[in-house]
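The reader may wish to keep the sequence and the coordinates in view.

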Amino acid sequence: MGPIPCDETQERYSENTGIGVPRGAGGYARGNGPAGSGAERGKRWNGYWLLGGISALLVLAVVGYEVSHSPRTPPRSQLTANGPASQRTAPALQADDGEIPSGRDVTPFDTQYSAVSRLAPDLLKALQQADNDAKGAGITFRVTSGWRSKAHQQRLLDDAVHEYGSLRTARQYVNTPEKSTHVQGKAVDIGPTDADDWLIQHGSRYGLCQVYANEMWHFEIRTAPGGTCPALLNNATD
Ligand SMILES: [Zn+2]
């Protein structure tokens, strides 16, 4: 094998510190790329450095792909610190999923939560009117669940299958994303129990009805305001 023009190659590597690194790749690439050092290290390093350079390019290609294709691109600082693998872990439920953060008291007026703001307009309006009137009786509504994304609904169903041991039993409590009226924005779960009792007694004034016998917290618009609610269904499989 003839002599490699190492000085020339070495010089290029040294100058660029991470040959071929796209602009804006930042410190992440530099950390994995060849570090600049003197030419005196010898020819054999060129092979390693070339491999290192190729590896860095591959990593960058993967990172670039994931960044450009990720629906929620993490901040660059996070990407740099943890690498692309952190993006593959299941993301925590986001507000976009209709999740209500645990320990947070959400009222029918808290439209900063998608669980509330994405309820059907007639349901939200009826709920707010009922809440205003219930306050006169010293009762405060809490929205424990409202609109949910399909993915959120699927997670609830998966959790229920895990808890009850079978899809058949789980389905008595949790609907499929395709059937769930929560996903359609047409259902809301209300607590605490005194609020449920109040709504079961007075909800029909606003068109709000309990739907399932086994879910005293779940309400939907099922009649005209002042009308009569239909007979209860046994559970979500009915
Ligand atoms: Zn419900």
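Along the chain, the donors of the zinc ion follow the spacing H-x6-D-x28-H. The model is a predicted one. The residues behind this pattern are His182, which donates through NE2, Asp189, through OD, and His218, through ND1, and they coordinate the zinc ion at 2.0 to 2.1 Å. His182 is buried, its relative accessible area being 4%. Asp189 is likewise buried, at 7%.

The strands come next. S2 and S4 run antiparallel and are joined by 2 bridges. Within this pairing, Val188 stands opposite Phe219 of S4. S3 and S4 also run antiparallel, here with 3 bridges between them. Gln210 has Phe219 in S4 as its bridge partner.

The structure holds 1 disulfide, formed by Cys209 and Cys229 with their sulfur atoms 2.0 Å apart. Because Cys209 lies in strand S3 and Cys229 in the segment after S4, the pair ties together parts that are 20 residues apart in sequence. The torsion about the S-S bond is about -85°, and the disulfide is therefore left-handed. How do the two cysteines, Cys209 and Cys229, compare in accessibility? Cys209 is buried, with a relative accessible area of 0%, whereas Cys229 counts as partly exposed at 27%; the cut-off for buried is under 20%.

| Residue | Relative accessible area | Class |
|---|---|---|
| His182 | 4% | buried |
| Asp189 | 7% | buried |
| Cys209 | 0% | buried |
| Cys229 | 27% | partly exposed |

Helix H6 covers residues 121-135. The buried residues of H6 are Leu123, Leu124, Ala126, Leu127, Gln128, Ala130, Asp131 and Ala134. An α-helix has 3.6 residues a turn, so residues three or four places apart point the same way. What covers the buried residues of H6? The cover includes two helices, H5 (114-117) and H9 (193-202). It also includes strands S1 (142-145), S2 (188-191), S3 (208-210) and S4 (218-221).

Technical notes:
Residues are numbered from 1 along each chain as its sequence is written. This is a predicted model: local features need pLDDT of at least 70, side-chain atom pairs count only at pLDDT 80 or more; totals for chains, interfaces and linings use all residues. Side-chain values use heavy atoms; hydrogens and water are left out. Donors are N, O and S atoms within 2.8 Å of the metal (3.2 Å for Na, K and Ca); water is not among the atoms, so sites may look incomplete. Buried means under 20% relative accessible area, exposed over 50%, partly exposed in between (1.4 Å probe, protein chains only). Helices (H or I, at least four residues) and strands (E, at least two) are DSSP runs, numbered from the N terminus. The expected span of a helix is 1.5 Å times one less than its number of residues. Contact means heavy atoms within 4.5 Å. A disulfide is a pair of cysteine sulfur atoms within 2.5 Å. Two strands pair if DSSP finds at least two bridges between them.
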